[in-house]
Amino acid sequence: MSEDGTDVANGTQQQEEVSDTPKYCLYIRASLIDNETQGACPMSQQGFMLSYILAQEKNVDFKVWTVSQVNPPIDFKEKNRAKIYPFIEGVSGKDITGRSIEGYMPESTDDVEKFFDSVNSDCPHLKRPKNTKDHILGKVDSISTQFNAFMKGVKSENVVTNILQKIDDHLASSGTTFLEGESLSYTDCFLLPRLQHIIVAGKYFKDYEIPRNMKHLWRYLRDAYDSPAFSETLPTDDDLLKFHWERFSDKEMSEFRKKGIKGRFGVDSQLSKTCSIPPDVTAMLDNAESNGGGEPEQVEEDGDDQE
């Protein structure tokens, strides 16, 4: 990612000739630590991932900019009165109906979703599902709400485990690498940023880990980390932790401090990113695959099916 608007997806300078290819600026929340690099907003990463893949497939040309959450520029606040993230500003080109996107700016998050569909000419897997009743997206769309409730102590870890089990079951039955096939889809772009929050913040604050017996989910994560659209759009672990720390009450912060968690994220660390699955899980998957895809020899911590 580049704060000066470099073309992230292909790293090349764009030609000057007029093109109908949709060209836009993508604004995402900046880091809470340095106010410059990308932050941990899952919706921002979702939009970044969609743009990244669309650019790889030559559907769009975009530049990504990070916006300080502490002191956003005045002109940006004028454009983004609804405080939407990610935010889009159309530069040039046309959408799939032939309409110019120059000057386009969304007024709601739904407008942003519609925009991505409107510039997506030949990547149907990246379009938002119209009916989620029987779709995997409908089974996981509450994952952030449930995880945040767990983090706040309002609900038990079972509500998170139940959703993760649905993902594992879906992957087991579909037999695909990703949720809807062999390439990242809209649903993957929705889910993966939110899974990263569970992996990093769930472990740090609540000592919660994805159950080891969910081998299909772990394979999914392994392959996702190998996908640049996911791994290259990840926030740092410390920024992700600070993202959640800022949402705890003073009482909750006090309890964490008693456990040695002081909230000094980004001060004493190298700002690394979790971008691989644990070595023991890798060994478990390798063992299962060498045995013809059977169950791993070690199965730990069955998830409770009751909320």
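A residue counts as buried when its relative accessible area is under 20%, as exposed when that area is over 50%, and as partly exposed in between. Keep these cut-offs in hand, because they sort the residues below. The model itself is predicted.

Start with the whole chain. The protein chain has 307 residues, and 49% of them count as buried. The chain holds 12 helices and three strands. Among contacts between residues at least 6 apart, 73% join residues at least 24 apart.

Next, confidence. The pLDDT of the protein chain averages 90, and 89% of the residues score at least 70.

Strands of a sheet pair through backbone hydrogen bonds, either parallel or antiparallel. Here three strands form an open sheet, ordered β2-β1-β3, with mixed pairing. Strands β2 (61-67) and β3 lie at the edges, and each pairs on one side only. From one strand to the next, the twist averages 20°. Strand β1 covers residues 23-29 and pairs with β2 in the parallel sense, over seven bridges. Within this region, C25 stands opposite K63 in β2. Helix α1 (residues 42-56) packs on the sheet and touches β1 and β2. The direction of helix α1 makes about 150° with that of β1.

Side chains of opposite charge can pair when their charged atoms come close. The model has 14 salt bridges. One of them joins K79 and E89, with N to O at 3.0 Å. What does this pair tie together? K79 lies in helix α2 (residues 74-79) and E89 in strand β3 (residues 87-92), so the bridge links parts that are 10 residues apart in sequence. Are the two partners buried or exposed? E89 has a relative accessible area of 18%, so it is buried. K79, at 29%, is partly exposed.

A second pair stays within one helix. E255 forms a salt bridge with K258, and the closest N and O atoms are 3.3 Å apart. Both residues sit in helix α11 (residues 250-258), three residues apart, so about one helical turn separates them. E255 is partly exposed, with a relative accessible area of 37%. K258 is exposed, at 63%.

The side chains of D207 and K203 meet in a salt bridge, 2.8 Å from N to O. D207 is exposed, with a relative accessible area of 54%. K203 is partly exposed, at 37%. Which residues does the network link? Salt bridges connect K203, D207, E209, R212 and D280.

Take D168, in helix α6 (residues 158-174). D168 is buried, yet it has no salt bridge. Where is the nearest side chain of opposite charge? That side chain belongs to R219, and it is 7.7 Å away. D168 does have contacts. Leaving out residues up to four places away in sequence, D168 touches M214, K215, H216 and L217.

L137 lies in helix α4 (residues 136-140). L137 has a relative accessible area of 7%, so it is buried. What does L137 touch? Beyond residues up to four places away in sequence, L137 touches P129, T132, Y186, T187 and F190. T187 is also a case of reach along the chain. L137 and T187 are 50 residues apart along the chain, while their C-alpha atoms are separated by 6.0 Å.

Notes. Residues are numbered from 1 along each chain as its sequence is written. This is a predicted model: local features need pLDDT of at least 70, side-chain atom pairs count only at pLDDT 80 or more; totals for chains, interfaces and linings use all residues. Side-chain values use heavy atoms; hydrogens and water are left out. A salt bridge is a side-chain nitrogen of Lys or Arg within 4 Å of a carboxyl oxygen of Asp or Glu. Helices (H or I, at least four residues) and strands (E, at least two) are DSSP runs, numbered from the N terminus. Buried means under 20% relative accessible area, exposed over 50%, partly exposed in between (1.4 Å probe, protein chains only). Contact means heavy atoms within 4.5 Å. Two strands pair if DSSP finds at least two bridges between them. Axes are lines fitted to C-alpha atoms, for helices over the stretch in contact, and angles run from 0 to 180 degrees between N-to-C directions. pLDDT is the predictor's confidence in each residue, from 0 to 100. Lys and Arg count as positive and Asp and Glu as negative; His and the chain ends are not counted.
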